[in-house]
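Please keep the sequence and the structure in view while reading.

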Amino acid sequence: MWNERPTIENIARYEGQEIVLKGWLYNMRSSGKLHFLQVRDGTGVMQCVVFKGNVTPEVFETAAALKQESSLVVRGKIRVDARSPIGFEMDVVDLKATHIPDVDYPISPKEHGTAFLMDHRHLWLRSSRQQAILRIRAELIRQIRAYFDANGFLLLDAPIFTPSACEGTTTLFETDYVDGSKAYLTQSGQLYMEAGAAAFGRVYCFGPTFRAEKSKTRRHLTEFWMVEPEVAHIGLDEDMDLAEDFLVSIVQGVVANRRKELAALERDIAALERVQKPFARISYTEAVERLQQAGMPVRWGEDFGGDEETVLANQFDRPVMIHRYPAECKAFYMKTDPDDLKCALCVDVLAPEGYGEIIGGGQREDDYDTLLKKIRTHGLSEEAFGWYLDLRRYGTVPHAGFGLGVERTLGWICGLPHVRETIPFPRLMQRVTP
Ligand code: 4AD
Ligand code: MG
């Protein structure tokens, strides 16, 4: 039903027909008897030509008085135009301006600074570059859901209010809960997905997660979206197989369905097309050797920062998997590598071209006593994790999963310098508006 209404995106269906389009004025130029209106309707931009001989004098004057972002209703005939970027134009026969702003629109085609644009994010969303990015975002999310839905994973929503930390207490958002106790905004749905995997076998959650990141980097948001699959009866190797298959599927799906938008962003699409199996899998220990050979002053036992990740990722033409980090760098729930007790059975997937970690995951500790010890040595509350320990008391099995951050992945796919443009209304260390 809704899709039968004419939009610029599906304008080819209306060639030769007279239609009504509702939208906004994106841009305009005039010469004598002609006004060339660039009209956007949210699905695209189309040139609508107002020729003095085709309309009443009032309509011609209305067109002349339009301002950027005036809201309009245009009626006219759709015809093929070889010079048009979308292949079609409208010859206008009637036009109504439903609202003409009193003042000039703040975002003009000239360059604006980032702070100004971020303050006007509610309006910035109307510009064609932001539209391309957010359309690619919607497609990426669709591909993510489609992958898990097609592969026998049950969607299981994790709670946002949680009783405890999952990814360390330093980035925990505390809230005053209704009963006077403290609740924390979720850092990850993983622990709940472990309950889900024991209940349903293969599950995933997909929602917003929160980290009180006190870092102003190009890849940290305080609120970001993460998809987290969790699977019973698998170990680290199969977890890496899943991450690899999943990443190839979503990247190629986005490339296939959003080629036009990627081209508009001037993204090197060939670099994305190289994202094919297999990805290199190297251990943390090998990664440290590679970094040292590249002249980086890193020592075994230290976690990698953005610089180390960039140097490593640049050695490969597609994502690379780094597995078995020192257990000390990682969260309490990671299973220890039985072949090297200093290491955890975990994996980070690094995106190429300097984008760094987009996936973190691994095999979970499934032994009750070992997990209890880890909870104690990490200084976590045994009481808060009682339910989580229960999963090890009743039918415990090996299980693994991972989390993929949507915004970092989208930043890489779109080739953007900062995650702030990858989410409609970014929440950063120093920004919670608009
Ligand atoms: O590596 P992380 O912290 O892993 C977890 O949270 C696991 N519990 C996931 C799991 O195994 N189910 O985060 C996973 C991903 C990162 O690789 C990154 O893509 C993204 O989440 N991420 C962030 N994205 C934007 N801003 C931040 N502050 C982020 N922190 C993590
Ligand atoms: Mg991580």
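A polar contact is here a pair of N or O atoms within 3.5 Å. The model is a predicted one, and with that in mind a polar side-chain atom of Arg211 lies 2.9 Å from an oxygen atom of ligand 1, which puts this pair within the 3.5 Å cut-off.

**Contacts and burial of ligand 1**
- Backbone atoms take part as well: an N or O atom of the Leu221 backbone lies 2.9 Å from a nitrogen atom of ligand 1, and one of the Ile358 backbone lies 2.9 Å from an oxygen atom of the ligand.
- Taken alone, ligand 1 exposes 630 Å², of which the protein buries 94%.
- The space that ligand 1 takes up is the largest pocket.

**The shell around ligand 1**
- The ligand is surrounded by 22 residues, and the closest of these are Glu167, Gln190, Arg211, Glu228 and Glu357.
- Sorted by class, the shell consists of eight charged, seven polar and seven nonpolar residues.
- At least two shell residues come from each of strand 11 (223-232), strand 17 (356-363) and strand 18 (399-405), and strand 17 gives the most, with five residues.

**Helix 4**
- Helix 4, which spans residues 128-150 and has 23 residues, reaches 32 Å from its first C-alpha to its last, close to the 33 Å expected at 1.5 Å a residue.
- Gly152, which follows helix 4, has a positive phi near 75°.

Technical notes. Residues numbered from 1 in each chain as written. Chains lettered and ligands numbered in written order. Predicted model: local features only at pLDDT ≥ 70, side-chain atom pairs only at ≥ 80, totals over all residues. Heavy atoms only, no water. Near = heavy atom within 4 Å. Polar contact = N/O pair within 3.5 Å; in protein donor to acceptor, adjacent residues only side chain to side chain. Areas by Shrake-Rupley, 256 points an atom, 1.4 Å probe, with all protein chains shown as cover. 1 Å grid on protein atoms, 1.4 Å probe; cavity = no way out; pocket = protein on both sides within 12 Å on 5 of 7 lines; lining within 4 Å. Sits in = over half its atoms within 2 Å of the grid points. Helix = DSSP H or I, 4+ residues; strand = E, 2+ residues; numbered from the N terminus. Nonpolar A, V, L, I, M, F, W, Y, C, P; charged D, E, K, R; others polar. Expected span 1.5 Å × (residues − 1).
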